[in-house]
Amino acid sequence: MPFHVMLIPTLGCPSSCSYCWSSEEGSPIMSIETIKDVVEWLKNFRDEPVTFTFHGGEPLLAGADFYRQALPLLSQGLGHLKIAFALQTNLWKMTPELAEILAEYGIPIGSSLDGPKELNDLQRSSGYYDKTLRGYEIAREGGLTVRFICTFTSYSVKHKEEIFNYFLENGLTLKLHPALPSLRDRDPEKWALDPKEYGELLVYILDKAVEKIDEIDIMNINDLCKCVFTGRGTVCTYVDCMGDTFAVGPDGSIYPCYRFVGMPEYIMGNVRDHPSMEDLAQSRAWKLMHQFKEYVDRECRKCRHIKYCRGGCPYNAIAPTGGQVTGVDPHCVAYKIIFDEINDRFNREMLGSFALEMGEPQGARPAGPGIMALMRKMASNPS
Ligand code: SF4
Ligand code: SF4
């Protein structure tokens, strides 16, 4: 995992998705002075490769001039580090000019689509689907690679087959997210996906990944299998992200992750002061994140998945409790379901292979593709 800095040019967003928990009307746009401060801050901060992800709100609201100036400032100003960029957007504001600027830096684009038009617009907002697909075409014509994240809610999980088929039939890579409780909503749990249902959804998606092994890539399944095989987390949810991930809000405030941006109690410092790691470690937010890590070491110590789960996402665990460490990520239920499933299937397949070698009857062997086939596919196509 490289060191990761998320840049949040604004919390504003032109959409109004029903379950959104992160956008904020009237949020300012980050200035280029703040980008210059980011460069100065990071020059002597850490001597490691760094990935910058532009996130939001909606980061393209910052406009073409912002990226025309920000990208060379970051890549030249921090030329002594190995730098990579990524950007997460709903694509509504994509223009040929922006696509050209982003393509010059080979920036992979992540976007969001929850399935077929009717279903997507019901839980995101009316007109969302058409605006995103228009931006998608512009991005592709401009030479950008776009991958979609599909958020499953308490509503859309009932349509999982329809959603899976949509991604399959349109030749799209699938990455799914569970809808989180929206702490800014009067009814925070309305769209949130229940952890047990999330676990069952992951098992359903695992079955589909195996069944359609030559037709679709499912990023979550790849990541979960990699966790089990390598014995360590391969995405932020399953590692100790504290100290290796930071987010910078529109006014230069530094947070532990984009999920906390806009919550003043999680500010660790500001880029204009060029804080060191030691300075940030004095903040309440830093201490809270490390308190979570110690809690996981204690509470999850008997769990067979601790090495590659690490208690899940600290935001999920501490934001809903008002900053108290009282439990691990509530999605623990889902993580146990899917990690158990992958481990058990893998062990059965290993036993089957062993039986084959020993000349035992067919019944003892695995039928058709399984976890090992998925791993072989990933190994032959590591991208
Ligand atoms: S707080 Fe959660 S979303 Fe943010 S980096 Fe850590 S694990 Fe990832
Ligand atoms: S699955 Fe649950 S108990 Fe096990 S390490 Fe993850 S959060 Fe902890």
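Visitor: By class, which residues does the shell around ligand 1 have?

Guide: In this predicted model, the shell around ligand 1 includes Cys 236, Cys 241, Cys 257 and Cys 313, together with Pro 314 and Tyr 315. Thr 237, Thr 245 and Arg 259 also belong to the surroundings of ligand 1. Sorted by class, the shell has six nonpolar, two polar and one charged residues.

Visitor: Which element gives the most to the shell around ligand 2?

Guide: Ligand 2 is surrounded by residues that include Cys 300, Cys 303, His 305, Ile 306, Cys 309, Cys 332, Tyr 335 and Lys 336. The elements that give two or more residues to this shell are α11 (306-309) and α13 (332-357). With three residues, the element that gives the most is α13.

Visitor: How many nonpolar, polar and charged residues does the shell around ligand 2 have?

Guide: Among the residues around ligand 2 are Gly 311, Gly 312, Val 328 and Asp 329. Counted by class, the shell has seven nonpolar, three polar and two charged residues.

Visitor: Which strands stand at the edges of the sheet?

Guide: Nine strands form an open sheet with mixed pairing, in the order β6-β5-β4-β3-β2-β1-β7-β8-β9. Two of these strands have a single partner strand each, so one side of each is left without a neighbour in the sheet, and they are β6 (174-178) and β9 (269-270).

Visitor: Which residue in β4 stands opposite Gln 88?

Guide: Strand β3 covers residues 83-88 and strand β4 covers residues 109-112, and the two pair in the parallel sense over two bridges. Opposite Gln 88, the residue in β4 is Gly 110.

Technical notes
Residues are numbered from 1 along each chain as its sequence is written. Chains are lettered from A and ligands numbered from 1 in the order in which they are written. This is a predicted model: local features need pLDDT of at least 70, side-chain atom pairs count only at pLDDT 80 or more; totals for chains, interfaces and linings use all residues. A residue is near a molecule or strand if its C-beta atom, placed from the backbone, lies within 6 Å of it. Ala, Val, Leu, Ile, Met, Phe, Trp, Tyr, Cys and Pro count as nonpolar, Asp, Glu, Lys and Arg as charged, and the others, Gly among them, as polar. Helices (H or I, at least four residues) and strands (E, at least two) are DSSP runs, numbered from the N terminus. Two strands pair if DSSP finds at least two bridges between them.
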